[in-house]
Amino acid sequence: MQSAFAGTLTSVEHAVAELAALAETPHVPSQLQHVLCGITGGRYRSEAREELVRLGLSGNDLIVDVSPSYLLQAGLPYSRSDIAIIMDADLMDVPERYQHPARAQRLVAVVADAVPEDGVVLVPAKEWEIQDRVRDAGCRVAIFATDDDVTSKDKKVARASATVTGRRIMIEQLDASVEAGWVHDKAPVEAQVVAALASFTLGELHRPEFVSRGGTGAGTQIESRREERAGVAD
């Protein structure tokens, strides 16, 4: 504008290119302070979120789907989450350099930075490097798999695990193993298993709050089964 008024303007190409670059920059929303759960990974993020809602979490519970490309460009869109979910480290929406396993694992593990020490990060059973990174961030680990091939090495740093036996989702914590539902055909198995484990984990962390919201997820169901068994034992 100054050049135009001064009569010295010779080209607008630079200004047009700058405006075009700004227009192509993804919109970055204002950062949230506290969310219930952040989900990242290459696949099934939205499906996992939908399964959590199906298990009883209402629309008022902030479950944030964070794509790896967003993490790379802008970081986390919130400052704290009670738990976090890492679906996998098989990333396709980032430059090839960040698809390398070590860099992809480091990128998705960023969600652990917002989880407090008493929080939990859910990680695939075979992603040992990510589990170690989560532990290094001071968080606890829970693992999940779409079958029952979970070894002692997989469970080395895990507080809980979710597996699939037949069509049953089983959750194991310490010396207790309970059924957390059956696999259905309307969502990927990964999304169903991780949602059941997340629901259980939230129920363990925030039982009074979770139940008061009317939660009917795995955490509530598992506690009901524990009470039933206790009643039978009595």
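Student: What makes the contact of the side chains of Asp-88 and Arg-43 a salt bridge?
Tutor: This is a predicted model, and in it the N to O distance between the side chains of Asp-88 and Arg-43 is 3.4 Å. The cut-off is a Lys or Arg side-chain nitrogen within 4 Å of a carboxyl oxygen of Asp or Glu, so the pair qualifies.

Student: Is Asp-88 buried or exposed, and what is Arg-43 called?
Tutor: Asp-88 has a relative accessible area of 9%. Buried means under 20%, so Asp-88 is buried. Arg-43 has 38% relative accessibility and counts as partly exposed, because that label covers values between 20% and 50%.

Student: How many salt bridges are there by this rule?
Tutor: The count comes to eight. One of them joins Arg-54 and Glu-51, with the closest N and O atoms 3.0 Å apart.

Student: What separates Arg-54 and Glu-51 in helix α3?
Tutor: About one helical turn, because Arg-54 and Glu-51 are three residues apart in α3. An α-helix has 3.6 residues a turn, so residues three or four places apart point the same way. The two partners carry separate labels: Glu-51, at 5% relative accessibility, is buried, while Arg-54, at 49%, is partly exposed. Exposed would need a value over 50%.

Student: What makes Asp-82 and Arg-80 a salt bridge?
Tutor: The closest N and O atoms of Asp-82 and Arg-80 are 3.5 Å apart, and the limit is 4 Å. Asp-82 is buried at 8% relative accessible area, and Arg-80 is partly exposed at 33%. Elsewhere, salt bridges that share partners join Arg-43, Asp-88 and Glu-190 into one network.

Student: Which residues are buried in α3, and how do you know that they line one face of the helix?
Tutor: Arg-45, Ala-48, Glu-51 and Leu-52 are buried in α3. Seen down the axis of α3, these buried residues fall within an arc of 125°, so they line one face of the helix. They pack against β1, β2, α4, β3 and α7.

Student: Why is Ile-39 called buried?
Tutor: The relative accessible area of Ile-39 is 0%, and the label needs a value under 20%. Ile-39 is in strand β1. Leaving aside neighbours within four places in sequence, the contacts of Ile-39 include Arg-45, Ala-48, Ile-63, Ile-85 and Met-87.

Student: What makes Ala-114, in a loop, count as buried?
Tutor: Ala-114 is in the loop between α5 and β4, and its relative accessibility is 6%, so it counts as buried. Not counting residues up to four places away in sequence, Ala-114 touches Leu-76, Tyr-78, Ser-79, Arg-80 and Ser-81. The C-alpha atoms of Ala-114 and Leu-76, 38 residues apart along the chain, are 8.1 Å apart.

Student: How do the residues lining the largest pocket divide?
Tutor: Into five nonpolar, one polar and eight charged. The lining has 14 residues, and Met-87, Pro-124, Phe-144, Thr-146 and Glu-190 lie nearest the centre of the pocket. The space in the largest pocket is about 240 Å³.

Student: What share of the chain counts as buried, and what share of its contacts joins residues 24 or more positions apart?
Tutor: Of the 234 residues, 43% count as buried. Among contacts with a separation of 6 or more, 59% are between residues 24 or more positions apart. The chain has nine helices and eight strands.

Key: Residues are numbered from 1 along each chain as its sequence is written. This is a predicted model: local features need pLDDT of at least 70, side-chain atom pairs count only at pLDDT 80 or more; totals for chains, interfaces and linings use all residues. Side-chain values use heavy atoms; hydrogens and water are left out. On a 1 Å grid over the protein atoms alone, a cavity is a set of points where a 1.4 Å probe fits but cannot get out, and a pocket is an open set with protein on both sides within 12 Å along at least five of seven lines; lining residues have an atom within 4 Å of a point. Grid points are joined across faces, edges and corners, and a volume is the space filled by probe spheres set on the points. Ala, Val, Leu, Ile, Met, Phe, Trp, Tyr, Cys and Pro count as nonpolar, Asp, Glu, Lys and Arg as charged, and the others, Gly among them, as polar. Buried means under 20% relative accessible area, exposed over 50%, partly exposed in between (1.4 Å probe, protein chains only). Helices (H or I, at least four residues) and strands (E, at least two) are DSSP runs, numbered from the N terminus. The arc is that of the directions from the helix axis to the C-beta atoms. Contact means heavy atoms within 4.5 Å.
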